[in-house]
Amino acid sequence: MTELSRRAALASGMSFALAACSRQPAAAEPVDGAPLKSLAPFPVGVAVQAAQLGDPAWTSLAATHFTQLTAEWEMKMEYVVQADGSFRFDRADAIAAFARDRGMRLFGHTLVWYANEPEAFVRLDESRQSFAGALANYVTAMVGRYRGLASGWDVINEPIRDDGSGPRDSLWSRKLGQVGHFKVAFEAARAADPQAVLFTNDYHLESKPAKLASYMRLIEQLLAEGVPLNGIGCQTHLDADLPAGAITRTLKALAGFGLPIHLSELDVSVVGGGLLGDRAGAERRQVALYGEAMDAFAALPQRQQFAFTVWGLRDGDSWLTRENARDAPLMFDSAGRPKPTYGAVVKALRGR
Ligand code: G3I
């Protein structure tokens, strides 16, 4: 944090403290807790971990409101690929079975990610062709296993550098080339499931125009090269200080490709970004951003509304709360009660 922003944060903290002395907290308005899935004319998704399937409070709340599940981490290489190169599917199968048994869609996350470089692949010092074969084999095994249940897959996750200067360097791009590793992964996924929508997926597109531009250039290039990419993911992990309108502009820009859009990992931190010290202000902005996210997604052409997915069910389930217990980034509190963030999403849906 720069000196200027540190002073600004302290100043806001002081003004916040003074304001708090002079203003009675607003009585909490009752939140419209109508089931989200009954209001949304498109799939609404939530991230899940296998352990949560054994929590009746989690399973009943999730089944009440959502129609799609995304494995938060147990369908990634970091869990599936063992040191000896074998694959373990136990937790992915449990999540898939839960979705199937409740008539929910499964969304596959994620096949290839710069952040997952399993030892079994790293030590493959064979030729490019055999490395490509090993990656295609993994993709085929994963996508084929959930064919007919997984509605789509994040085939390549987070391909763009945070500074927006271009595609990331990764084990996969080093071994197979930038477009090359996309071709191998997407073509294997397409062959394994001709019906699944195949996505690339990235974050901070709302707050980093250079990253959004670079992401869109990559998508244009991949489509021009004939890569069977037919879905675009926008993770939407936000800080509460994101200016109004940024979500709307970003989804409109991505929708210009005419492909299905997955708002794939929504959460809004109230302890990150520039609103430190103004918790009430951060929560007001958070509510507004949840409403804007749903407004912007619901405004997409129906054929492009793939799914609206939040990255966790209750605040206590969030990766952000694991990082900072003061955060409260989701639509339900840790006791499973709907929050004003949920109310904003319902209001946006009812207003259409
Ligand atoms: O559950 C085990 C626990 O038993 C074990 O003691 C502990 C230490 O090994 O690990 C726990 O599993 C961790 C899991 O989160 C559950 O907390 C994994 O190690 C850890 O790698 C995993 O982190 C996930 C992360 O992606 C990396 O896969 C987060 O839950 C998940 O929220 C995060 O999600 C990413 C998306 O995939 C891509 N977009 C960004 C998003 C947030 O970083």
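Contact here means that heavy atoms lie within 4.5 Å. With that meaning in mind, and remembering that this is a predicted model, one can follow how helix α12 (residues 279–298) and helix α14 (residues 340–350) meet, their axes coming within 8 Å and crossing at roughly 30°. Because angles under 35 degrees count as roughly parallel, α12 is described as roughly parallel to α14.

**The two helices**

- The crossing in which α12 passes α14 is right-handed.
- On the α12 side, the residues that take part are Q286, V287, Y290, G291, M294 and D295, and they meet P340, T341, A344, V345, A348 and L349 in α14.

**A residue within the contact**

- T341, which lies in helix α14, has a relative accessible area of 1%, and T341 is therefore buried.
- Leaving aside residues up to four places away in sequence, T341 touches Q286, V287 and Y290, and also L330 and M331.

**The strands**

- Strand β3 (residues 105–113) is mostly covered, since eight of its nine residues are buried.
- Strand β2 (residues 68–71) pairs with β3 in the parallel sense over three bridges, and L69 has L106 in β3 as its bridge partner.
- Strand β4 (residues 150–157) also runs parallel to β3, to which it is joined by six bridges, and the bridge partner of H109 in β4 is D154.

How values were computed. Residues are numbered from 1 along each chain as its sequence is written. This is a predicted model: local features need pLDDT of at least 70, side-chain atom pairs count only at pLDDT 80 or more; totals for chains, interfaces and linings use all residues. Side-chain values use heavy atoms; hydrogens and water are left out. Axes are lines fitted to C-alpha atoms, for helices over the stretch in contact, and angles run from 0 to 180 degrees between N-to-C directions. Helices (H or I, at least four residues) and strands (E, at least two) are DSSP runs, numbered from the N terminus. Angles under 35 degrees count as roughly parallel, over 145 as roughly antiparallel, 65 to 115 as roughly perpendicular and the rest as oblique. A crossing is left-handed if the near helix is turned anticlockwise from the far one by less than a right angle, and right-handed if clockwise. Buried means under 20% relative accessible area, exposed over 50%, partly exposed in between (1.4 Å probe, protein chains only). Two strands pair if DSSP finds at least two bridges between them.
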